[in-house]
Amino acid sequence: MGKRLRKPIKKDKDFSDKIIKILSQSANKAFNYKQIASKLELDDTQSRNQIIKDLKILASSKKIIETEPGKYLIKATSREYYEGTIDMTGRKSAYFICPEFEEDVFIPSNNLNHALDKDTVKVYVYNKRSGRRAEGEVIEVIERYKTDFVGVIDIQKNFSFVSTANPKMYTDIFIPKDKIGEAEQGDVVLVHIEDWPARADSPFGKVVKVLGKPGEHDTEIHAILAEYGLPAEFPIEVETYAQKIDTSISESEIAKRRDMRDTLTFTIDPKDAKDFDDALSFKKLENGNYEIGVHIADVSHYLEEGTILDDEAYQRATSVYLVDRVVPMLPEVLSNFACSLRPQEEKYTFSAIFEITEKCQVVNQWFGRTVIFSDQRFAYEEAQYIIENKDNTIPVEISITGNSYVVSDEIVEATLKMDQLAKIFRRKRMNEGAISFDKVEVKFNLDQEGEPEGVYFKVSKDANHLIEEFMLLANRKVAEFIGKQKKTFIYRIHDEPNEDKLIAMQNVIAKFGYKIDFRNKGDISKSLNQLMVDVNGKKEQNLIDTLAIRSMSKAKYSTDNIGHYGLAFDYYSHFTSPIRRYPDVMVHRLLQFYLDGGKSVDEEEYETKCLHSSTMEGLATNAERDSIKYMQVKYMQNHQDQEFLGVISGVTEWGIYVEIIENKCEGMVRTRDIKEDYYTFDEKQYALVGANSNRLLQLGDEIYVKVKNADLVKKQLDFNFIKRNE
């Protein structure tokens with residue numbers, strides 16, 4: 001017995017859109033009205049007559065072609081196909097992002113046809129009716145964005161399912177019995193999707209790796225890395241290759257380099273740093289100017305192109321800084337030893353050396369390979385002490401040696417002079433339109449087992465700015481040196497901010513009494529800088545800092561130099577961190593190649609490398625953010641009985657986000673859990689409005705909360721609303 005067809009639709013209905021869609025899906029096949037009726041599951045006379053009528057109207061308007069009496073084919077120009085990417089909403093529906101549409105196209109869940117978040121797809125777009133958002137249906141998944149997922153396995157008798165914590169992954173993954181591997185019930189596993197049969201509700205996959213039990217520290221950290229396709233360790237053959245590299249300092253190699261070993265040189269880094277990839281040298285010249293050298297570890301001396309070590313470094317493209325560990329781009333023998341500019345050791349470096357006047361004018365510059373000897377290693381806190389106190393005795397409480405010690409007068413003089421020059425450089429940048437984002441960084445004090453004992457905030461001070469300004473100078477001058485020669489190079493570019501995001505931000509900050517000046521690019525920069533000054537130390541600082549950063553375009557690598565908006569530089573590159581960033585390695589190689597008289601390299605090849613580097617940087621950033629969220633949840637798990645004062649940092653129809661003031665941990669209070677009134681969401685006011693009291697819960701309000709649930713696997717905090725801070 002054949003498939004039962006749906007009952008007729010009583011009212012006359014226009015089937016034009018559906019006819020176009022059916023013909024588009026089989027663009028080279030002609031259909032008659034019976035075949036179309038069958039596809040639409042209609043068998044009543046009224047509907048069939050309407051289909052015949054619509055076919056004739058479409059043919060007369062030249063949208064379809066009657067290839068033979070009663071048979072129709074879609075006209076090539078009427079095929080409403082577009083290629084783009086899927087952006088899942090977390091509610092099993094999605095938006096289709098395509099440059100040909102000003103507004104993203106809505107894709108209902110029943111039209112996804114197995115497309116997943118960020119997949120490249122071909123979509124059929126329905127005719128847009130006035131006043132309504134265009135809708136579409138995925139016709140084909142052209143390329144999967146990712147096929148490996150992390151989740152928890154639920155093992156049944158003859159099969160298993162893996163469910164992920166990712167809110168944008170709307171389906172679990174079916175694992176046949178013979179593809180479970182060594183997984184046990186409830187394990188966190190990495191699975192690979194192998195197939196998704198047309199009529200199957202879930203994709204079919206296999207377990208690639210067992211990561212451990214949910215909630216265990218190492219399991220969750222490895223799960224974060226695996227989720228973004230980032231490696232946790234080096235392949236044995238790469239480690240073996242690295243161990244065999246000759247890392248000795250030879251007289252023959254020194255002879256090829258500018259010898260800077262007698263020039264006063266020191267490093268300033270975080271107190272817990274393992275690799276020191278930059279050092280500064282200082283010399284006062286007879287003409288009253290200063291020779292300041294920015295010396296960067298010469299990674300490219302050891303990292304030869306075409307080797308398995310270089311291939312691994314390129315694939316990684318960046319070190320990943322998780323909350324409790326660093327996953328380095330290079331094996332430890334290079335990152336922590338040969339390429340680390342450790343004190344009292346001779347090291348090969350690639351240097352940018354500048355002659356600078358008292359007024360911070362760069363009157364001379366030199367780039368090339370050098371050899372240095374670092375006289376001293378400082379932590380930022382020690383250098384800051386020298387700057388603030390003009391004193392050369394480092395007290396025991398901030399000393400990284402564990403003891404009080406005396407710094408030489410020469411180093412104190414150099415530190416103070418470079419601090420003065422750095423402040424002039426910084427002031428110049430700000431006057432030229434640079435934007436200063438000194439966002440507070442959340443850090444954790446961890447015990448030996450990696451458990452969070454406390455939270456502290458990393459704030460940039462003069463010593464940080466000193467290093468920052470000279471690194472910026474080297475990066476800018478290297479990029480300018482090659483850029484003005486019109487040769488292919490790798491730039492760090494930053495486009496102007498998105499005006500729609502700035503306007504949205506203005507709507508929020510206006511509630512706190514702030515505003516942005518939109519008259520021109522320079523005024524926007526100045527008002528953003530003023531905003532950063534005005535919010536400093538206020539309860540809304542972190543919220544507004546975050547909004548400001550989100551309104552900015554993302555910096556990325558490219559061979560197409562458009563300048564760097566945030567820094568207000570026409571030329572900018574990354575030269576100063578080759579231990580942890582592969583683009584810097586490429587910059588070193590290109591710079592040396594051009595210094596040796598090489599001709600401009602292939603732009604397309606390097607643009608591909610730039611795209612890869614930017615992509616990997618984005619994945620590393622996401623992993624770093626997830627590790628902080630994980631540690632925040634873990635920290636709050638141990639403080640479930642405590643009341644915290646927080647600031648409302650976001651408002652949605654389903655609840656409010658609250659950021660705790662003392663530790664910056666953010667969680668959600670569900671609307672339904674607020675018992676003092678019945679609240680509804682008012683989008684215009686960015687607020688929840690009480691039905692009985694008309695009282696608002698809006699951005700920036702302070703409220704007391706308590707932990708309701710701390711989910712380590714989902715990295716999610718739920719709070720209970722206690723009371724307002726009144």
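**Helices and their surroundings**

Author: Let's start at one spot. Just after helix α10, Lys390 takes a positive phi of about 50°. Helices (H or I, at least four residues) and strands (E, at least two) are DSSP runs, numbered from the N terminus.

Reader: What kind of model is this, and how are residues numbered?

Author: This is a predicted model, where local features need pLDDT of at least 70, side-chain atom pairs count only at pLDDT 80 or more, and totals for chains, interfaces and linings use all residues. Residues are numbered from 1 along each chain as its sequence is written, and side-chain values use heavy atoms, with hydrogens and water left out.

Reader: Back to α10. Which of its residues are buried?

Author: Tyr380, Glu382, Ala383, Gln384, Ile386 and Ile387. Buried means under 20% relative accessible area, exposed over 50%, and partly exposed in between (1.4 Å probe, protein chains only).

Reader: What covers them?

Author: The cover includes strands β14 (265-269), β21 (376-379), β22 (393-394) and β23 (405-406). Helices α11 and α12 are also part of it. Contact here means heavy atoms within 4.5 Å.

Reader: Tell me about α12. Why is it described as largely enclosed?

Author: Because 18 of the 22 residues of α12 are buried, the rest of the structure largely encloses it.

Reader: What span should α12 have, and what is found?

Author: Helix α12 covers residues 462-483 and should span 32 Å, at 1.5 Å a residue. Its end C-alpha atoms are 31 Å apart, which agrees. The expected span is 1.5 Å times one less than the number of residues.

Reader: Which residues does Lys477 touch, leaving aside its neighbours within four places in sequence?

Author: Lys477 is found in α12. Leaving those neighbours aside, Lys477 is in contact with Phe354, Val362, Gln365 and Phe367. Lys477 is buried, with a relative accessible area of 12%.

Reader: How do α11 and α12 cross?

Author: The axes of α11 (residues 409-431) and α12 come within 8 Å and cross at roughly 65°. Axes are lines fitted to C-alpha atoms, for helices over the stretch in contact, and angles run from 0 to 180 degrees between N-to-C directions. The two helices are therefore roughly perpendicular to each other. Angles under 35 degrees count as roughly parallel, over 145 as roughly antiparallel, 65 to 115 as roughly perpendicular and the rest as oblique.

Reader: What sort of residues make up that contact?

Author: The residues of the contact of α11 with α12 divide into eight nonpolar, two polar and seven charged. Ala, Val, Leu, Ile, Met, Phe, Trp, Tyr, Cys and Pro count as nonpolar, Asp, Glu, Lys and Arg as charged, and the others, Gly among them, as polar.

Reader: New topic. What about α14 and α15?

Author: The axes of α14 (residues 521-535) and α15 (residues 541-551) come within 9 Å and cross at roughly 160°. They are therefore roughly antiparallel to each other. Leu531, Met532 and Val535 in α14 meet Gln541, Ile544, Asp545 and Ala548 in α15.

Reader: Is Arg550 buried or exposed?

Author: Arg550 is exposed, with a relative accessible area of 59%. Its place is in α15.

Reader: Last one. How many helices and strands are there in the protein chain?

Author: There are 17 helices and 35 strands. Of the 726 residues of the chain, 50% count as buried. The C-alpha trace spans about 100 × 65 × 60 Å along its principal axes.
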